[in-house]
Amino acid sequence: LRAQDSSFNVTIEKEMDRSLPDVMMVSQDVSRVFLNIVNNACYAANKKKHSGQVPDTYMPTISVATRRLNDRDVEVRIKDNGTGMPESVRAKIFEPFFTTKPTGEGTGLGLSLSYDIIVQQHHGTLEVNTVDGEGTEFVITLPINQEAATA
Ligand SMILES: Nc1ncnc2c1ncn2[C@@H]1O[C@H](COP(=O)(O)OP(=O)(O)O)[C@@H](O)[C@H]1O
Ligand SMILES: [Mg+2]
């Protein structure tokens with residue numbers, strides 16, 4: 001984002017559970033999911049900053065938290081204080097090619113691919129909580145042991 005907007009700045013708050021076990025996954029694919037969700041979060045926060053709707057003191061903030069959810073799963077939460085989404089947008093975000101971004105800035109494939117990677121490929125879950133104008137949170141769960149999850 002800084003390539004397009006040299007003034008862009010974001011605070012990233014991390015609350016990582018350092019005692020989590022290793023999770024069995026295709027890490028290149030799951031990394032793409034995290035990258036896409038964090039990119040979307042930065043975009044939404046930057047859009048809000050330039051919307052004219054927030055005071056100059058508004059600071060784009062992304063929070064990332066991990067924890068052990070239960071015997072089977074770990075959970076990753078990625079939250080932003082960006083634009084949020086109205087229900088009409090939220091309902092479509094996992095559809096291929098759905099984007100609200102201008103041509104050249106979005107393909108609309110990030111979240112549909114993310115859904116396939118987390119849900120189909122890794123037998124996890126991908127959910128979204130959003131409040132229009134306030135922000136958005138993506139909640140990912142991943143089974144620690146893929147073999148147990150597919151058995
Ligand atoms: N953190 C977010 N805050 C607000 N809107 C979001 C957020 N993440 C995704 N969206 C919405 O979901 C749409 C689809 O996202 P995605 O599949 O990654 O495609 P793209 O980023 O190419 O538009 C975005 O265009 C945007 O409307
Ligand atoms: Mg995207």
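Helix H1 contributes the most to the shell around ligand 1, with 4 residues; helices here are DSSP runs of H or I with at least four residues, and strands are runs of E with at least two, numbered from the N terminus. The model is predicted, so local features need pLDDT of at least 70 and side-chain atom pairs count only at pLDDT 80 or more, whereas totals for chains, interfaces and linings use all residues. Residues are numbered from 1 along each chain as its sequence is written, ligands are numbered from 1 in the order in which they are written, and side-chain values use heavy atoms, without hydrogens and water.

At least two shell residues come from each of helix H1 (27-49), helix H3 (110-121) and strand S5 (135-143). Ligand 1 is surrounded by 22 residues, each with a heavy atom within 4 Å of the ligand; among the closest are Thr 99, Lys 101 and Leu 111.

Polar contacts (pairs of N or O atoms within 3.5 Å) are made to oxygen atoms of ligand 1. A polar side-chain atom of Thr 100 lies at 2.5 Å, and one of Asn 36 at 3.4 Å. Gly 108 places a polar backbone atom 2.8 Å from a ligand oxygen. The protein buries 94% of the 540 Å² that ligand 1 exposes when taken alone, by the Shrake-Rupley method with a 1.4 Å probe.

Elsewhere, the whole structure holds 1 aromatic pair, where ring centres must lie within 6.5 Å. The rings of Phe 94 and Tyr 115 have centres 5.4 Å apart and planes at 50 degrees, so the pair is tilted, being neither stacked (under 30 degrees) nor edge-to-face (over 60).

Technical notes:
Polar contact = N/O pair within 3.5 Å; in protein donor to acceptor, adjacent residues only side chain to side chain. Phe/Tyr/Trp six-rings, centres within 6.5 Å; stacked < 30°, edge-to-face > 60°.
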